[in-house]
Amino acid sequence: MKKIMRSLGLAMAVVLIPASAYAVNLSSNDGNGTQTVTSHGDQSFTSTGKLRSNTGKKVYYRGIVIYNNYTDYTCDRISSNTTSKSYVTRGGSCSQLAPIPPSADAAGWKVCRDRTGLPDGCGSMGKQNF
């Protein structure tokens, strides 16, 4: 009986682990990495993770505050550039500037390439619900 109760307790603990504890994998043609929300407010988040350049060109993270029933807010750059082909720690904060009624539902990120004089190319968005 003790073993059954211990097994049930462990199973419940695993089920109750919040989704925010998992890193989100992100990639583009130019770079890849992971991000995890470390804190969030009604219309903002802070995150950290790893990032590397696949080609040695400058890449960075773009942040997005995501709403289920409202237009998402893009913060643009939330991290500094890296050209490292090895993973380096990168992250930052993203905050909706104008106060709006709904609370944010998730954090989003894109890996982008810094291109001088041209629009920065970005990969697809990854997100983590709050």
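**Salt bridges, a buried arginine and an open sheet**

R62 is buried, with a relative accessible area of 17% (buried means under 20%, exposed over 50%, partly exposed in between; 1.4 Å probe, protein chains only). The model is predicted: local features need pLDDT of at least 70, side-chain atom pairs count only at pLDDT 80 or more, and totals for chains, interfaces and linings use all residues. Residues are numbered from 1 along each chain as its sequence is written, and side-chain values use heavy atoms, without hydrogens and water.

The structure holds 2 salt bridges (a side-chain nitrogen of Lys or Arg within 4 Å of a carboxyl oxygen of Asp or Glu). D76 forms one with R62, with the closest N and O atoms 3.0 Å apart. D76 lies in strand β5 and R62 in strand β4, so the pair ties together parts that are 14 residues apart in sequence (strands are DSSP runs of E, at least two residues, numbered from the N terminus). D76 is partly exposed, at 36% relative accessibility. R77 and D114 also meet in a salt bridge, at 3.2 Å from N to O. R77 is partly exposed, at 35%; D114 is buried, at 19%.

R90 lies in strand β6. R90 is buried yet has no salt bridge; D114, the nearest side chain of opposite charge, is 11 Å away (Lys and Arg count as positive, Asp and Glu as negative; His and the chain ends are not counted).

Strand β6 also belongs to an open sheet of 4 strands, in the order β1-β2-β3-β6, with antiparallel pairing (two strands pair if DSSP finds at least two bridges between them). β1 and β6 stand at the edges, each with a single partner strand, so one side of each is left without a neighbour in the sheet.
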